[in-house]
Amino acid sequence: SMGPAEKGELGVLLGGDAADVAAARELAVLWGDPDKIREFGTQREAAIGKLVANLALGVAMQGIAEALTLASDTGLDRDVTLSLLASSVLAPVVAAKKRQLSERDFDEPEFTADALHKDMELILSATLGLHAVQAVHDALEAAQQDDRGGEDFSVIADV
C-alpha cells in the first residue's frame with residue numbers, strides 16, 4: 001500500500017529468527033508505523049498474518065460493494081449511502097477509500113485488485129468454507145476480466 005508506506009504508516013509483519021527480525025525491523029521503520037510492526041517466530045506465521053489481514057480488508061470492501069449495489073438498485077443516493085457506511089462497522093475502510101468511492105476513480109492504486117486477488121487465491125487454496133472470501137475473489141476476478149486489475153482494489157465497489 002503505497003500511500004501508508006509513503007507516510008510511514010504501513011503495518012509490517014516480520015517473521016524469522018530473532019536476529020533476522022531485529023535487522024529487518026531497522027529497515028521496516030523507514031516505511032512502517034512502529035506501533036503497527038508485528039513480529040512472528042517464523043516467516044510462515046508472518047505470511048499467514050498478512051493473509052488474515054487482507055482477508056478482512058477484502059471482505060470489508062465486498063461488504064461496501066454490496067451495500068452500494070443495494071443502494072443503487074433501490075434508488076438510494078451513493079453519497080448518502082457512503083455517509084451511512086461511514087458510521088457503520090465498515091467506517092475505517094470507507095474512510096480509507098472515501099476519495100475512490102466518492103469519485104469512482106480507482107486509477108491511482110495503493111493496493112491493486114491484482115495483488116489482493118493473488119491473496120484471495122492463496123487463502124482459498126489454504127482452507128475450505130470461506131464464502132465471503134469466494135465472493136471477494138470472484139469480484140476481483142471480474143475486475144481483472146474488465147482489464148481493471150491494475151486499479152485500486154476498491155474498484156470492486158464500482159457498481
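**Close-up views of a predicted model**

In strand 2, L13 has R38 as its bridge partner. The model is predicted: local features need pLDDT of at least 70, side-chain atom pairs count only at pLDDT 80 or more, and totals for chains, interfaces and linings use all residues. Residues are numbered from 1 along each chain as its sequence is written, and side-chain values use heavy atoms, with hydrogens and water left out.

**View 1. Strand 1 and strand 2 run parallel.** Strands pair if DSSP finds at least two bridges between them. The chain goes from strand 1 through helix 2 to strand 2 in a right-handed β-α-β crossover. Right-handed means that, with the strands pointing away from the viewer, the path from the first strand over the helix to the second runs clockwise. Helices (H or I, at least four residues) and strands (E, at least two) are DSSP runs, numbered from the N terminus.

**View 2. Strand 1 has a covered and an uncovered face.** L10, V12 and L14 make up the covered face. G11, L13 and G15 make up the uncovered one.

**View 3. The largest nonpolar core has 27 residues.** Such a core is a set of buried Ala, Val, Leu, Ile, Met, Phe, Trp, Tyr and Cys residues joined through side-chain atoms within 4.5 Å. Buried means under 20% relative accessible area, exposed over 50%, and partly exposed in between (1.4 Å probe, protein chains only). M61, I64, L101, M120, L140 and A157 have the most contacts inside this core. Helix 3 (43-74), helix 4 (78-85), helix 5 (91-96), helix 7 and helix 8 each give two or more residues to the core. Helix 3 gives the most, with 6 residues.

**View 4. L27, V29, L30 and W31 make a nonpolar surface patch.** The patch spans about 400 Å². Patch residues have over 30% relative accessible area and no salt bridge; like charges are joined within 9 Å, nonpolar side chains (Val, Leu, Ile, Met, Phe, Trp, Tyr) within 5 Å. A salt bridge is a side-chain nitrogen of Lys or Arg within 4 Å of a carboxyl oxygen of Asp or Glu. W31 sits in the loop between helix 2 (18-28) and strand 2 (32-40). W31 counts as partly exposed because its relative accessibility is 36%.

**View 5. R104 has a positive phi but is not a glycine.** The phi of R104 is about 55 degrees. R104 lies in the loop between helix 6 (98-103) and helix 7 (113-126).

Terms used. Areas by Shrake-Rupley, 256 points an atom, 1.4 Å probe, with all protein chains shown as cover.
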